[in-house]
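Reader: I have a new model open and would like to learn how to read its features. Could you walk me through it?

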Amino acid sequence: MMPAGATIFGCAGLALSPSEASFFRASDPWGFILFSRNIETPEQVARLCSSMREAVDRDAPILIDQEGGRVQRLRAPHWREWLPPLDQARAASDAPRSFWLRARIQADELRAIGIDANCAPTCDIAGPRTHPFLQNRCLGTDAATVIANARATAEGFLAGGVLPILKHMPGHGRAEADSHLDLPVVGADPADLAQADFAPFLALRDLPLGMTAHIRFTAFDQVPATQSRKMIALIREQIGFDGLLMTDDIGMEALSGSKGARAAASIAAGCDVVLYCKGDMGPMEEVAEAAGQLTPEAAGRADAALARRHAPDPVDIAALEAELVALLGDGADV
């Protein structure tokens, strides 16, 4: 049996078109990702997830960005609205417990419609100059707080049968530019980065899945971390992460060149899987060809990650919601 493609793809709309289904059947992406354009009702999302898996004839992982706050693809009236993570970290009387509860409840919502991986926890450290696109998505303003809240988040997802995705490796918090639009450049000293930015990823290096940062760290290399052999080696060796490493979305403008060139550079640097989210057929075809198939090492990491996907542990969701509301007090809704 051939290994899957070293890709994670989105699709254009609420259902797979015949051409998308045919392309996915041929290119066999390792996984899929959903965005707001793919979301209407629980029943529709469940059908879309089923059709994606049918196209590749296996139980492929389906990802989403359901952080809470501004970055959540599932929204009212069909799903709960969530506080921005940094707001919850500040409001909760027991922040780690509140993040476990939040993640376990979110996992219940995700699994109910066929989604089994979430692009969270965000382990970047919020600072006074962190770009607004990221700042309130962070779990704290110091490494120790981020570690405690991220660990609780990851464990909540795993208990609910959802794979957490550690992001953005090796740390996005010092970025003063929005990597969707520009390449952030960080000139911090390696010792300062190791003590702060890298520390949450070191502490959570046992998680099954990770995502790179499109940031240039000038102390190490002149290219974005996603496409830097030096930075991928740092993630593997200094941080010690041995899970499946995916790129952040290569459609973001922090990267340059064609989508195929971006994919090829990311794989050459040592990323296991290329994430391309937009769902445009032409670029997807380029990315599929450039990324190729999972290497034997990547396939092993992929299998190890999926082995941690399991049926949710039994739980009383209403009781968890009540506990979370109590921990948040007057500060916020769930």
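**The sheet**

Author: Eight strands make up an open sheet with parallel pairing, in the order β11-β9-β7-β6-β3-β2-β1-β12. Its edge strands are β11 and β12 (274-276), each of which pairs on one side only. Strands (E, at least two residues) and helices (H or I, at least four) are DSSP runs numbered from the N terminus, and two strands pair if DSSP finds at least two bridges between them. This is a predicted model, in which local features need pLDDT of at least 70 and side-chain atom pairs count only at pLDDT 80 or more, while totals for chains, interfaces and linings use all residues. Residues are numbered from 1 along each chain as its sequence is written, and side-chain values use heavy atoms, leaving out hydrogens and water.

Reader: Which way do the residues of strand β9 point?

Author: In a regular strand the side chains alternate between the two faces of the sheet. In β9 (residues 209-212), Leu209 and Met211 point one way, Gly210 and Thr212 the other, and all are buried. Buried means under 20% relative accessible area, with exposed over 50% and partly exposed in between (1.4 Å probe, protein chains only).

Reader: What stands opposite Leu209 in β11?

Author: Leu244 does. β9 and β11 (residues 244-246) pair in the parallel sense over three bridges, and Met211 has Met246 as its bridge partner in β11. Strand β7 (residues 163-169) also runs parallel to β9, joined by three bridges, and there Ile165 stands opposite Leu209.

Reader: Now a helix, please. How many residues does α6 have?

Author: Helix α6 (residues 143-159) has 17 residues, and from first C-alpha to last it reaches 24 Å, close to the 24 Å expected at 1.5 Å a residue. The expected span is 1.5 Å times one less than the number of residues. After the helix comes Gly161, whose phi is positive, near 80°.

Reader: What covers the buried residues of α6?

Author: An α-helix has 3.6 residues a turn, so residues three or four places apart point the same way. The buried residues of α6 include Val146, Ala150, Thr153 and Phe157. Their cover includes α3 (85-91), α4 (95-112), β6 (117-118), β7 and α8 (199-203).

Reader: Is Arg309 buried or exposed?

Author: Arg309 counts as buried because its relative accessibility is 18%. Arg309 sits in the loop between α12 (296-306) and α13 (317-328). Its side chain reaches the backbone oxygen of Asp59 at 3.0 Å. Leaving out residues up to four places away in sequence, Arg309 touches Asp59, Ala60, Pro61, Arg111, Asp116, Gly161 and Leu163; contact means heavy atoms within 4.5 Å.

Reader: Which residues touch the most other members of the largest nonpolar core?

Author: In soluble globular proteins, nonpolar side chains tend to be buried together. Here the largest nonpolar core has 61 residues, and Phe24, Leu34, Ile115 and Leu294 touch the most other members. Helix α2 (residues 42-56) gives the most to this core, with six residues. A nonpolar core is a set of buried Ala, Val, Leu, Ile, Met, Phe, Trp, Tyr and Cys residues joined through side-chain atoms within 4.5 Å.

Definitions and conventions: A polar contact is a pair of N or O atoms within 3.5 Å; within protein, one must be able to donate a hydrogen and the other to accept it, and residues adjacent in sequence count only if both atoms are side-chain atoms.
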